Amino acid sequence: MKTELLPVTSCLVAVLQAVLQMPAAVRDLVVSHDEQLLFVACWSGVYCVNIQLLVPSFSHDAGSGPTELKISTESLVAVADRVSSLLVVGSVLLTLCRTDASWSLTLYQTQRTSQSDPCDLLASFSLPLVSPKVQGDTESRCVLVCVYPGDLLTASSPPRPPRSHYSLQPLLFRRLFGAEAALSKSPVVLCGLPDGRLSFLPLRIPGSRLRILHSLEQSVVFVGASAVMETDAGCAGCLIALGKQGRAVLIRAGRAGLDGGGGARFTLGCVPGPVECACMDQSRVYYSTGSDLLMVDLWDGSSGTVGRQGDMVDEASRSNPAALVTPISLNVSGVAALHQPTCSSAGEVQLLSLSVRGRLQSIRLPVGTQEDGLSKRPSSQVGRSVGDILSAIGDICERASVLKTIIRSKNQILKQLNQVMNISFLLSNRSESDLKPVRCRGSVRWSRLLQRDSLNLTCVLENLSPFVLERGWTLSVTVLPLSCPLEAGGEASSMNYSFPLGAFGPGESVEVSLPVAAAGDASFPVTVTCSLLFSLWRFLGQEEATAPLDLQSACFSLPLNTLTVDWLHALRLSDPPAPARSSSNLADLLQGFISSRQLQCRGGGQASRPEEYSARVRVSSELLRDALGLAPGSPRVSLLEWLLSEGCGGVKTERKGIKTDGSSSVICGSAPDNAAVKLTAEEVNVEEKTKPLVTMEVQVKSSSVAAVCGLHYALLRRIQVHTLRS
């Protein structure tokens with residue numbers, strides 16, 4: 001119960017007689033053996049109420065309504081936190097509570113003089129809690145029952161045995177709880193816990209403790225006992241426990257061996273769940289699933305049952321339980337609690353139940369209904385059952401379709417992760433000198449946008465591997481100048497560009513464009529580092545903005561290759577200068593002479609500073625011809641064309657055509673800093689000790705020192721790389 005109002009009803013007159021208002025929500029209640037006291041367990045303790053106060057006097061007007069009693073803290077007889085269940089054994093009150101670390105079973109001595117006096121604490125026993133994953137619903141009510149050996153309960157109890165008290169066969173009692181408990185005729189308390197453990201405690205054995213009898217691995221809902229044979233004389237030969245999800249265990253005394261000994265036999269079974277509440281008579285279990293009330297015959301129907309038209313059954317057939325046969329529906333729904341059933345002399349069974357709406361109802365089962373009528377339903381109910389079955393089949397098909405979709409999606413994710421692992425191993429298991437199967441190549445060209453010139457790099461990502469790059473991969477390109485002007489403070493800043501990739505199969509390529517430098521920028525050479533990034537969140541379809549901080553870094557990087565853009569890549573070509581005319585105008589010559597004299601006068605009569613800087617590179621003509629495959633007729637022109645078109649550093653320059661003068665092998669252009677540049681190639685004879693050596697000389701001239709140095713470095717880099725390869 002989860003209410004503070006406790007209604008009290010008389011079964012004889014079927015009228016609500018009293019309503020108790022408790023200080024807190026009611027967890028459990030139990031009546032003393034003499035039926036004089038009512039013990040009510042709340043979350044903070046146990047309260048005691050005299051039942052005589054609840055019975056109205058003869059002068060009480062039935063039409064005035066039930067008696068309302070407010071129970072105060074003066075009726076508190078035992079202070080305990082989180083009380084789950086109660087049990088009264090003689091004059092001993094037992095409470096089962098849950099603490100932070102264990103289950104606690106506490107014994108109190110009740111007072112016979114006054115029900116308001118506190119109970120005396122006798123002893124306390126504990127059982128450690130299991131793991132929280134196995135603990136189950138700790139708010140569920142625990143089960144407390146007491147079992148006695150033989151006819152001890154009948155001899156010491158009123159004519160009607162109290163609820164939750166059972167007599168077991170002496171043989172079964174001894175095999176379950178030991179010879180000491182059997183010889184001392186000690187009552188044994190059974191505790192069914194929400195974690196599925198079924199434990200026991202002998203009450204009259206010194207030094208006894210809580211021990212585990214069995215585990216259902218699900219919350220224990222009901223513990224009861226059933227007669228096995230007609231000769232049991234009121235003693236139960238089978239102990240049964242039911243779990244929340246329908247798991248059941250039948251405990252009986254096994255057959256004796258050759259030495260006369262033997263143990264208990266545990267028979268496991270299952271009934272349709274969930275089990276909300278249950279009760280039983282000598283051979284049947286009645287339990288509610290919330291939507292229906294079911295009956296299970298524990299013994300084979302062909303062998304008969306106790307009280308069935310007086311038929312006698314042999315002991316051999318009665319001792320073989322059925323494997324929890326299919327339950328029979330009683331067509332009663334909404335049952336929240338069941339009381340111990342009563343059976344009349346004619347075989348009629350009466351069940352007292354409490355509905356989920358708080359209504360107390362009596363259910364009568366006629367004699368013929370138990371065997372024949374319960375299994376036969378009207379045609380309307382059969383049709384409704386068929387409709388329910390078809391609806392359930394449709395729900396199962398829909399859930400199966402959803403599960404198939406989920407499994408297919410997970411299989412696809414596993415395949416893609418396998419591709420990711422293969423690509424990672426393929427790229428990380430190679431040295432820097434090896435060509436990687438996934439790599440980048442580039443080409444540069446000058447473009448004009450909004451009246452501004454800029455050098456753009458087209459980066460082409462090639463997939464030469466047998467694997468597919470799918471979602472989650474990103475191409476990362478980092479542009480870093482190796483030099484910077486002095487006014488920038490001597491520190492070069494890098495720029496990073498990211499390009500998410502889609503489905504990128506073997507043999508395919510992807511082009512991306514990015515700016516490298518603007519006109520007038522002299523920060524060359526520039527390194528372009530290419531790498532692949534894999535993000536697990538992007539692979540799973542999650543957005544980075546909504547991802548937790550600790551999972552945003554769930555990515556890794558695989559370096560590909562590095563491209564280099566130098567001064568020769570950024571050189572813009574122009575038409576070569578026109579050859580000097582043989583006959584020049586006298587006025588032009590005179591104007592040139594006057595201009596030169598004016599410049600000398602401005603310098604104070606001293607010689608003017610040189611306006612051009614130059615640098616040269618010489619290399620053997622024979623070595624170049626063999627290494628580069630230059631044409632033997634015009635090596636000078638071929639050398640210049642090769643220098644300007646060679647894809648050094650993985651980068652080529654997109655030029656429509658290289659313009660030379662055809663005879664002097666001179667190429668003119670402008671550097672990135674807009675300075676004029678002239679490249680000249682000619683053959684030069686160098687005197688050696690043995691014989692003269694024919695060399696090819698490439699000369700760079702410009703008014704910019706930075707341009708001369710940058711172009712000289714680019715020339716040396718190209719010639720050294722290719723001569724070393726040859």
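Ser167 sits in strand β13, which covers residues 165-168. Helices (H or I, at least four residues) and strands (E, at least two) are DSSP runs, numbered from the N terminus. Ser167 is buried, at 9% relative accessibility. Here buried means under 20% relative accessible area, exposed means over 50%, and partly exposed lies in between (1.4 Å probe, protein chains only). The C-alpha atom of Ser167 is 9.6 Å from that of Ala227, and the two residues are 60 apart along the chain.

This is a predicted model, in which local features need pLDDT of at least 70 and side-chain atom pairs count only at pLDDT 80 or more, while totals for chains, interfaces and linings use all residues. Residues are numbered from 1 along each chain as its sequence is written, and side-chain values use heavy atoms, with hydrogens and water left out.

How confident is the predictor? pLDDT is its confidence in each residue, from 0 to 100. The protein chain averages 76, and 71% of the residues score at least 70. Over residues 369-376 the pLDDT is below 50, and this stretch has 15 contacts beyond near neighbours in sequence. A contact means heavy atoms within 4.5 Å. Residues 604-608 also have a pLDDT below 50, with two such contacts in the model.

Next come the charged pairs. Side chains of opposite charge can pair when their charged atoms come close. A salt bridge is a side-chain nitrogen of Lys or Arg within 4 Å of a carboxyl oxygen of Asp or Glu. By this rule the count is 13. One of them joins Asp28 and Arg141, at 3.1 Å from N to O. This pair links distant parts of the chain, 113 residues apart: Asp28 is in strand β3, and Arg141 is in the loop between α1 (132-135) and β12 (143-149). Asp28 is buried, at 9% relative accessible area. Arg141 is partly exposed, at 40%.

A second bridge pairs Asp453 with Arg572, with the closest N and O atoms 3.3 Å apart. Asp453 belongs to strand β30 (residues 452-463) and Arg572 to strand β36 (residues 572-574), 119 residues apart. Asp453 is partly exposed, with a relative accessible area of 22%.

Arg718 and Asp566 form another bridge, at 2.5 Å from N to O. Arg718 lies in helix α13 (residues 705-725) and Asp566 in the loop between β35 (555-565) and β36, so the pair ties together parts 152 residues apart in sequence. Arg718 is buried, at 1% relative accessibility. Asp566 is buried too, with a relative accessible area of 1%. Elsewhere, salt bridges that share partners join Arg448, Asp453 and Arg572 into one network.

What about disulfides? A disulfide is a pair of cysteine sulfur atoms within 2.5 Å. The whole structure has zero. For Cys48, the closest cysteine sulfur is in Cys119, 7.0 Å away and too far for a bond. Cys48 is buried, at 4% relative accessible area. Cys146 is buried as well, at 0%.

Now the backbone. Most residues other than glycine have a negative phi. Glu35 has a positive phi, near 60°. Glu35 is in the loop between β3 (26-31) and β4 (37-42), and is partly exposed at 44% relative accessibility. Asn331 likewise has a positive phi near 60°. Asn331 is in the loop between β24 (328-329) and β25 (335-338). At 48% relative accessible area, Asn331 is partly exposed.

Terms used: pLDDT = per-residue confidence, 0-100.
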